[in-house]
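These are my notebook entries on one protein model and its two ligands. I set down what I looked up, entry by entry.

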Amino acid sequence: MFFGSFNPIHIGHLIIANIMQDQTDLDEVWFVVSPQNPFKKQQSLLHEFDRLRMVELAIADHFHFRATDVEFHMPRPSYTIDTLTLLSEKFPNHTFKLIVGGDNLTHFHKWKNHEVILAEYGLYVYPRPGENPSFDHPNVHFVEAPLMDISATFIRNAVKTGHSVKYLLPDAVEGYIMDRKLFV
Ligand SMILES: Nc1ncnc2c1ncn2[C@@H]1O[C@H](COP(=O)(O)OP(=O)(O)OP(=O)(O)O)[C@@H](O)[C@H]1O
Ligand SMILES: O=C(O)c1ccc[n+]([C@@H]2O[C@H](COP(=O)([O-])O)[C@@H](O)[C@H]2O)c1
């Protein structure tokens, strides 16, 4: 399960998902678009339907990736443990793990029921430049992979200031943003 705001999805997310699916025991990567991260208050947060649509466009050609709107129908803010619990009930034959960027480990101890997430699901962590606190737990697995200094914040700022975002996003996602004049 790859949870995120995806405001917007970018090539960093796609590389993370692909490397995780390729280098771990994960059969599939499900992108969970979160309407509201409990820790983030972003004025530039697009409507969740736009963020989901961009994820769908970005992963359309990948057989092992799926997008889900499960959190759209749940209380806000979006608590990951509640979503994992719901999905585990809905798909009792699946084993779910969490994919996160290294930056999320900094405040992970403040996540709702984080001990339950660790004990019952476990984490695959993708390193992020400057944000890689150590975390000693048998269910936290660090994946060795290229660091990528790419963020949705950088992309939003570039669009806002009229700069190119080519190659930072799939073409279809860039087209979606430009056609609707998002983030300007
Ligand atoms: N370049 C990156 N390297 C490692 N992890 C990343 C990277 N970009 C995003 N992630 C991870 O992907 C998940 C979803 O991230 P999110 O949608 O917030 O993207 P973001 O680029 O961090 O956005 P923003 O700049 O708006 O905070 C999080 O677990 C985050 O840590
Ligand atoms: O459950 C929590 O307490 C919790 C606290 C902080 C973040 N999260 C989730 O972590 C995911 C990553 O968020 P983001 O905005 O960095 O993409 C997103 O799905 C959030 O809802 C979840």
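**Entry 1. Overall fold**

I note at the outset that this is a predicted model. I counted the secondary structure elements and found six helices and six strands in the protein. Along the sequence I read their order as β-α-β-α-β-α-β-α-β-β-α-α. I then looked up the radius of gyration, which is 16 Å; the globule rule gives 16 Å for 184 residues, so the protein is as compact as a globular protein of that length. Along the principal axes, the C-alpha atoms fill a box of roughly 45 × 35 × 35 Å. I recorded that 30% of the 184 residues count as buried. For contacts between residues at least 6 apart in sequence, I noted that 69% join residues at least 24 apart.

**Entry 2. Shell around ligand 1**

Which residues are closest to ligand 1? I found 18 residues around ligand 1, and the closest are Gly-4, Gly-12, Gly-101, Ala-152 and Thr-153. The elements that give two or more residues to this shell are helix 1 (11–23), strand 4 (98–101) and helix 5 (152–160). The largest share, three residues, comes from helix 1.

**Entry 3. Shell around ligand 2**

I repeated the search for ligand 2, which has 14 residues around it. Those that come nearest are Phe-3, Gly-4, Ser-5, Ser-34 and Trp-111. Strand 1 (2–4) and helix 3 (80–90) each contribute at least two residues to the shell around ligand 2. By class, I recorded six nonpolar, six polar and two charged residues in this shell.

**Entry 4. Helix 2 and helix 6**

How do the axes of helix 2 and helix 6 cross? I found that the axes of helix 2 (residues 48–59) and helix 6 (residues 171–179) come within 8 Å and cross at roughly 150°. Helix 2 is therefore roughly antiparallel to helix 6, as angles over 145 degrees count as such. From helix 2, the contact involves Arg-53, Met-54, Leu-57 and Ala-58; from helix 6, Ala-172, Val-173 and Tyr-176 take part. I classed the residues of this contact as six nonpolar, no polar and one charged.

**Entry 5. Backbone between strand 1 and helix 1**

I examined the loop between strand 1 and helix 1, where Phe-6 is placed. Phe-6 has a positive phi of about 50°, although it is not a glycine. Is Phe-6 buried or exposed? I recorded Phe-6 as buried, because 24 other C-beta atoms lie within 10 Å and the cut-off for buried is 20 or more. Pro-8 is found in the loop between strand 1 and helix 1 as well. The peptide bond that joins Asn-7 and Pro-8 is cis, with omega about 5°.

**Entry 6. Further backbone features**

I found a cis peptide bond from Arg-76 to Pro-77, with omega near -5°. Pro-77 is placed in the loop between strand 3 and helix 3. I also looked up Asn-113, in the loop between strand 4 and helix 4 (114–120). Phi of Asn-113 is near 50°, a positive value in a residue other than glycine. Asn-113 has 15 C-beta neighbours inside 10 Å and so counts as partly exposed.

**Entry 7. Arg-66**

I located Arg-66 in strand 3 (residues 65–68). With 15 other C-beta atoms within 10 Å, Arg-66 is partly exposed. Leaving aside neighbours within four places in sequence, I found Arg-66 in contact with Glu-28, Trp-30 and Phe-31. I also looked up the separation of Arg-66 and Val-143: they are 77 residues apart in sequence and 21 Å apart in space, C-alpha to C-alpha.

**Entry 8. Val-184**

Where is Val-184 found? I located Val-184 in the segment after helix 6. Val-184 counts as exposed because it has 11 C-beta neighbours inside 10 Å. Not counting residues up to four places away in sequence, Val-184 touches Val-159 and Lys-160. Val-184 and Gly-162 are 22 residues apart in sequence, and I recorded 8.2 Å between their C-alpha atoms.

How values were computed: Residues numbered from 1 in each chain as written. Chains lettered and ligands numbered in written order. Predicted model: local features only at pLDDT ≥ 70, side-chain atom pairs only at ≥ 80, totals over all residues. Near = placed C-beta within 6 Å. Helix = DSSP H or I, 4+ residues; strand = E, 2+ residues; numbered from the N terminus. Nonpolar A, V, L, I, M, F, W, Y, C, P; charged D, E, K, R; others polar. Rg over C-alpha atoms; globule rule 2.2 N^0.38 Å. Buried ≥ 20, exposed ≤ 12 C-beta atoms within 10 Å, placed from the backbone. Contact = placed C-beta atoms within 7 Å. Axes fitted to C-alpha atoms, helices over the stretch in contact; angles between N-to-C directions. Parallel < 35°, antiparallel > 145°, perpendicular 65-115°, else oblique.
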